[in-house]
There are 2 protein chains.
Amino acid sequence: MAPEVTSSPSANLKLKTPKGTKDWVGQSLRLRDTIFETISDVFQCHGGVPLDTPVFELRDVLTGKYGADARLIYNLEDQGGEILSLRYDLAVPFARWLAMRSDVKQIKRYQIAKVYRRDQPAITRGRLREFYQCDFDIAGTYDPMIPEAEILRVVVEAFRELEMGITIKLNDRRILDGLFAVSGVPSDKIRTVSSAVDKLDKEPWEMVRREMVDEKGITADVADRIGQYVRRRGNMGDMLAYLATEDAFSNNADIQCGIKDLRLLMSYLEAMDALDTVSFDLSLARGLDYYTGLIYEVVINEPNQVGSIAAGGRYDNLVGMYGKQQVPCIGISFGIDRIFTILEQRQKMSDSANLKRQPDVYIIAAGGKDSDGFLLERMKAARELWDAGIQAEYSPKVKPTLQSQFNASKDVPIVVIMGQEEISQGQVRLKQMKSDVETKDRGILVAREGLVQGVKEMMVQP
Amino acid sequence: MAPEVTSSPSANLKLKTPKGTKDWVGQSLRLRDTIFETISDVFQCHGGVPLDTPVFELRDVLTGKYGADARLIYNLEDQGGEILSLRYDLAVPFARWLAMRSDVKQIKRYQIAKVYRRDQPAITRGRLREFYQCDFDIAGTYDPMIPEAEILRVVVEAFRELEMGITIKLNDRRILDGLFAVSGVPSDKIRTVSSAVDKLDKEPWEMVRREMVDEKGITADVADRIGQYVRRRGNMGDMLAYLATEDAFSNNADIQCGIKDLRLLMSYLEAMDALDTVSFDLSLARGLDYYTGLIYEVVINEPNQVGSIAAGGRYDNLVGMYGKQQVPCIGISFGIDRIFTILEQRQKMSDSANLKRQPDVYIIAAGGKDSDGFLLERMKAARELWDAGIQAEYSPKVKPTLQSQFNASKDVPIVVIMGQEEISQGQVRLKQMKSDVETKDRGILVAREGLVQGVKEMMVQP
């Protein structure tokens with residue numbers, strides 16, 4: 001079941017990870033796990049149920065869910081047996097699970113896992129072929145906008161815990177589609193116009209207008225009417241007042257339905273102290289076809305712009321595609337790689353420099369050439385410290401030199417020194433190493449049996 | 001980049017996870033993550049550096065490492081570009097990473113991740129095609145047996161934290177090979193005899209003897225000499241004394257070298273208070289060809305026998321196969337699925353029954369038919385509790401019935417009751433629900449602004 005040491009072509013192999021993938025190691029992996037923990041603590045506080053699905057699915061489960069992007073799916077070789085593909089996102093495995101579990105009518109589920117896309121990688125911009133998604137979804141039938149409010153509240157709490165100032169841009173597919181209809185967009189062109197409008201966060205209106213008129217066959221009149229509407233954004237109160245007073249909208253059922261729901265949402269967000277974080281942005285369209293109601297994108301309030309760091313919306317028809325049960329859903333997906341990039345820059349961390357976390361304590365054997373290195377004594381001391389949950393280390397040599405031990409204990413806050421004199425008197429020497437200046441300080445002597453207590457006291461000192 | 005709602009073959013699809021895989025959800029996933037956390041806390045206390053590698057590797061990285069088992073590797077389809085396979089274990093990705101990192105000469109690394117084997121699954125016995133490995137390895141050149149002692153100490157600490165009583169069975173490849181040589185086994189038959197002897201924990205000696213004589217072409221004389229040696233086990237002191245006094249071994253360099261190292265290890269284990277956990281078992285052989293020194297297997301001290309729950313050994317030649325640098329290694333792999341099975345049985349948990357963790361608090365709107373449901377009040381209260389890190393829930397309905405709310409709050413320790421009377425007097429009612437008996441207790445009234453404080457006080461009450 002495991003490696004055999006035989007001659008192999010490995011020796012001439014160019015060693016690397018596959019294109020668009022990377023190894024995570026040391027401090028950067030710790031930071032990534034801290035982000036996961038922070039976010040999942042929030043999910044759990046809101047009753048989130050964790051789900052973990054296999055890395056591959058039956059290929060048919062994925063078929064017909066991704067349109068043209070299906071070419072980016074990684075397939076497994078047919079080695080006999082089932083035909084499999086790697087998961088492309090977490091929404092489809094969740095829908096598959098939900099369709100299998102007819103006993104589950106309402107659930108808040110979250111999943112943090114890697115997904116796979118044979119896309120052109122752009123590693124410097126954080127786009128990889130193997131990358132993390134972090135999804136929280138509320139599935140089931142509820143009274144209107146109650147799950148919407150909780151999802152947005154989860155966003156507010158998660159980024160508060162990550163200490164990132166954010167704005168949630170939101171819109172509603174029904175209002176957006178209504179605006180297009182009122183502007184005179186034929187219904188078969190609504191999605192293509194929508195995807196042009198979605199670029200307004202990156203491109204000026206003139207470019208978007210040109211795309212609609214020159215490439216998508218929208219008349220200049222219609223385009224101008226669209227421009228009049230979708231370039232508006234502001235707080236929910238002002239925007240809802242605008243939508244309510246615009247005569248052109250009063251006969252559009254989609255828009256009126258959206259206004260009614262968003263008023264409800266506004267009152268809920270106020271009760272949840274999340275309203276100030278929200279900007280109602282009529283240009284927000286989101287690329288995905290499957291949204292049916294509220295949509296949102298989270299951007300960071302800092303010049304350090306990396307695009308949206310979380311996004312989602314309501315999608316009521318996906319689970320029903322498996323024909324078992326229709327379950328309306330709303331979800332949010334956190335862009336872990338972008339969040340990681342921002343937090344890593346903030347911490348000015350260097351991966352290679354910080355492979356290892358410094359231990360709390362380093363145990364040094366002092367003594368002349370005739371010293372026996374006190375390895376057993378050092379092991380006993382380490383064992384006692386480990387038992388107290390303290391990360392302790394010692395040289396893995398029987399007779400280490402003093403110099404090698406001082407080098408290894410560089411940046412370690414506390415050293416324990418064991419020499420012949422100390423040992424014969426049943427004592428150890430403890431020394432705090434935090435001071436930047438070289439001192440003549442020889443540390444303090446404590447009784448050997450007081451080692452753990454002494455270290456603990458030193459650890460709480462500033 | 002995501003699902004399109006189009007007609008698809010999904011509606012007629014038999015929904016399942018791929019053969020040999022499963023979904024993890026709810027309480028069982030929480031238990032699994034608790035096991036991961038417990039074990040990785042121990043790794044970190046010993047200076048372990050976390051590593052996470054891609055789920056697939058260049059196929060050539062895996063080639064020639066697994067002998068006949070290579071047929072169990074999952075290959076990815078050739079869709080243009082690199083030729084890839086799913087990882088089969090964590091040892092080879094670690095060796096690949098180490099070979100790429102010439103700056104790393106010594107490291108303790110750990111990795112907890114899924115691996116993939118196209119094996120015949122036996123789900124009831126916990127054998128899956130997608131399953132977890134949890135590896136801790138110490139790589140680099142150290143003074144003899146110092147890393148060995150720390151690995152065994154890590155095992156002792158991990159299972160102590162998991163509250164599982166265990167025995168570490170250990171042996172040394174050099175001693176075992178020496179015993180076979182002294183018994184008269186030809187050197188080209190040592191590995192095959194070794195794998196027969198390894199079955200002595202499951203089969204009686206007679207069966208193993210018959211296999212050696214009938215199938216492996218070992219003479220009866222030689223088999224009997226082997227049987228005389230390998231059926232011995234006991235504490236390290238007794239076993240080392242036996243090996244040292246047996247005349248037949250005195251001229252075998254392998255055995256003498258092993259004895260010398262194991263004496264050293266014994267003194268180290270004593271210093272680390274880990275000696276009592278160890279049983280020196282001359283029948284332990286381990287299946288893998290690549291071990292070069294100490295080998296060990298961990299078994300649980302309970303009638304509930306599931307075979308070994310952790311295992312490993314020294315392997316000094318694997319990294320060198322990539323031709324970049326020779327790095328001696330020793331490692332331990334925890335059998336997460338078996339550990340999970342044991343702890344799950346102990347907790348008598350049922351996955352489906354415990355999908356969701358009960359919230360700390362449920363907020364109930366009380367009131368007659370004319371009540372407005374107090375949704376905004378319930379949302380405000382929930383928000384305050386969430387801000388205090390308390391998992392609070394309320395009915396996702398505008399006007400929920402009292403009965404539906406009482407049903408939903410079943411087993412929730414504390415309920416907050418908001419009725420017209422309480423609200424108009426600026427109060428809320430708190431009620432502890434832990435008592436099994438139905439009481440007339442109407443709970444206590446607290447001022448609305450003292451809600452969080454009141455709940456906190458109630459949470460610490462027995």
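What follows is a walk through a predicted model, one selection at a time.

**Stop 1: both chains together**

**Stop 2**

Now switch to cartoon and follow the ten-strand sheet. It is open, its pairing is mixed, and its order is S8(A)-S9(A)-S7(A)-S10(A)-S11(A)-S12(A)-S6(A)-S5(A)-S2(A)-S1(B). Which strands sit at the edges? Select strand S8 (233–234) of chain A and strand S1 (24–25) of chain B; each of these pairs on one side only.

Stay in this sheet and pick out strand S11 (residues 310–315) and strand S12 (residues 329–334) of chain A. They run antiparallel and are joined by six bridges. For one of the pairings, click A:Gly312 and look across to its bridge partner in S12(A), A:Ile332.

**Stop 3**

Select B:Arg32, which you will find in helix H1 (residues 26–45) of chain B. Is this residue buried or exposed? B:Arg32 has a relative accessible area of 5%, and buried means under 20%, so it counts as buried. Show its side chain and that of A:Asp52: a polar contact of 2.8 Å joins the two. Apart from neighbours within four places in sequence, B:Arg32 is also in contact with B:Trp24, B:Tyr132 and B:Phe340.

Then move to B:Thr17, in the segment before S1 of chain B. This threonine is buried too, with a relative accessible area of 12%. Its side chain reaches the backbone oxygen of B:Thr21 at 3.0 Å. What else does B:Thr17 touch, not counting residues up to four places away in sequence? From chain A there are A:Pro54, A:Arg96 and A:Met100, and from chain B there are B:Lys22 and B:Asp23.

**Stop 2: the five-strand sheet of chain A**

Go back to cartoon and select the strands of the open sheet with order S14-S13-S15-S16-S17 in chain A; the pairing is mixed here. Strand S14 (392–394) and strand S17 (444–447) are the edges, each pairing on one side only. On average, neighbouring strands are turned by 30 degrees against each other, direction ignored.

Work your way across the pairings:

- Strand S13 (residues 361–365) of chain A pairs with S14(A) in the parallel sense over three bridges. Look for A:Tyr362, whose bridge partner in S14(A) is A:Glu393.
- S15(A) and S16(A) pair in the antiparallel sense, with four bridges. A:Ile414 stands opposite A:Gln432 in S16(A).
- S16(A) and S17(A) also pair in the antiparallel sense over four bridges. Here A:Gln427 has A:Ala447 in S17(A) as its bridge partner.

Helix H12 (residues 375–387) lies across S13, S14 and strand S15 (414–418), running at about 170 degrees to S14(A). Helix H15 (residues 451–460) lies across S13, S15, strand S16 (427–432) and S17, running at about 10 degrees to S16(A).

**Stop 3: two positive phi values in chain B**

Finish with a pair of backbone checks. B:Asp273 is not a glycine, yet has a positive phi of about 55 degrees. Look for B:Asp273 in the loop between helix H10 (253–271) and strand S9 (278–281) of chain B. Its relative accessible area is 47%, which makes it partly exposed.

B:Phe374 is the other one to select: its phi is near 50 degrees, again positive in a residue other than glycine. B:Phe374 is in the loop between strand S13 (361–365) and helix H12 (375–387) of chain B. This residue is buried, with a relative accessible area of 7%.

Conventions:
Residues numbered from 1 in each chain as written. Chains lettered and ligands numbered in written order. Predicted model: local features only at pLDDT ≥ 70, side-chain atom pairs only at ≥ 80, totals over all residues. Heavy atoms only, no water. Pairing = 2+ DSSP bridges. Buried < 20%, exposed > 50% of the residue type's maximum accessible area, 1.4 Å probe, protein only. Polar contact = N/O pair within 3.5 Å; in protein donor to acceptor, adjacent residues only side chain to side chain. Contact = heavy atoms within 4.5 Å. Axes fitted to C-alpha atoms, helices over the stretch in contact; angles between N-to-C directions.
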